[in-house]
Amino acid sequence: ILFLMMPVVFSPDFMNPDRPLFSIPPFQRDFFSYVLLLGFFYLNYFLLVPRFYLTKNYLLFFAFALGSFLFVAFVPDLLFHQEGFRPAMEHQSRSQFFRPPPHKFPFLRQIYHHLFPFLIVLAFSLLLKIFARWKQAEQEKSNAELSYLKAQINPHFLFNTLNTIYSLSIKNSPDTPEAVLKLSGMMRYVLTEGNNTFVSLEKEINYITNYVDLQKIRVRNSVKLNYEVKGDLAGKKIAPILLIPFIENAFKYGVNSEEESIIDIQITVADDGLLLMHIKNKKVSVSNAHETKSGLGIENTKFRLKLLYPASHKLEIKDAAQDFSVDLSLQLA
């Protein structure tokens, strides 16, 4: 609309009440030229650039561009003329950025008259489409990276949780059925919500609570465990399976029945949607040789935080001699 207003506002007859603007042939030519330029913009953006330029078929692209230019330059004068063919430069409006030099050949004056605005429209639509394609490629790359990270994280959770249930079954614990039920709920959450970009914070916290309850069944009274969730969770969103790797890490390296084991987990949601999570565990000896210490879950989560919350999170990890702590602040959606 702004583009089509230019020939109207800058016309020398814009404020002349005695001459209806749209009845003046020179203005009609100018206005129709702008309409054609606008049409070429969308033609170039949606068809010519993706169909020919981005596929490196440059010959056809420039052939269509040249044909479009000739159409824009000469068709308006053929449709809106007086006493035969008259070049549009006879109507010198204030919308022109420059005045071409006089030339005895009218068609060359037509080319001078339309060349600059046509090149501007051509370049602008071309750059916009290239930028849009680049942004799309970046988004697809980020989505692929996130999918890869989730594929790594989810089996990692399953592996550790199955170890917990296995240890219960070895002892013929009566808590085994409850543990299987909680695992079922966790896996249902992973399958139904894990592929979403964002999920309800309530569901994410419920998933974490199930995990903590499952660990309580395993560790019994061998760990001094403090787990607290404070604040209003309703109506808030978070990326799925984002917090659990830090909590899992605390149980993985903070539990030993032969040593004093302390785990503190606090999740607080402020009124402004800021989530604060504090996790601290006392370091103990871990004798399970089959459990890797690669830190895969935490490293992937740090990368996911950078992708999904690039400017709205702060993560501080302290690896001291006696304990390990994580402090995360995250602005929720």
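Buried denotes under 20% relative accessible area, exposed over 50%, and partly exposed the range in between (1.4 Å probe, protein chains only). The model is predicted: local features need pLDDT of at least 70, side-chain atom pairs count only at pLDDT 80 or more, and totals for chains, interfaces and linings use all residues. Residues are numbered from 1 along each chain as its sequence is written, and side-chain values use heavy atoms, with hydrogens and water left out.

**View A. The salt bridge between Lys182 and Asp213.** A salt bridge is defined as a side-chain nitrogen of Lys or Arg within 4 Å of a carboxyl oxygen of Asp or Glu; eight are counted by this rule. Helices (H or I, at least four residues) and strands (E, at least two) are DSSP runs, numbered from the N terminus. Lys182 is buried at 16% relative accessibility, whereas Asp213 is partly exposed at 21%.

**View B. Helix 6 and its two ends.** Helix 6 comprises 19 residues (201–219), which at 1.5 Å a residue should span 27 Å; its end C-alpha atoms are 27 Å apart, in agreement. The expected span is 1.5 Å times one less than the number of residues. Arg220 follows the helix and has a positive phi, near 55 degrees. The buried residues of helix 6 include Glu204, Tyr207, Asn210, Tyr211 and Gln215.

**View C. Salt bridges of Lys283 with Asp319 and of Lys318 with Glu316.** The closest N and O atoms of Lys283 and Asp319 are 2.3 Å apart. Lys283 lies in the loop between strand 5 (274–282) and helix 8 (296–308), and Asp319 in strand 6 (residues 313–319), so the pair ties together parts that are 36 residues apart in sequence. Lys283 is partly exposed at 32% relative accessibility, while Asp319 is exposed at 54%. In the second pair, Lys318 and Glu316 meet at 3.7 Å, N to O. Lys318 is partly exposed, with a relative accessible area of 47%, as is Glu316, at 37%.

Conventions: Polar contact = N/O pair within 3.5 Å; in protein donor to acceptor, adjacent residues only side chain to side chain.
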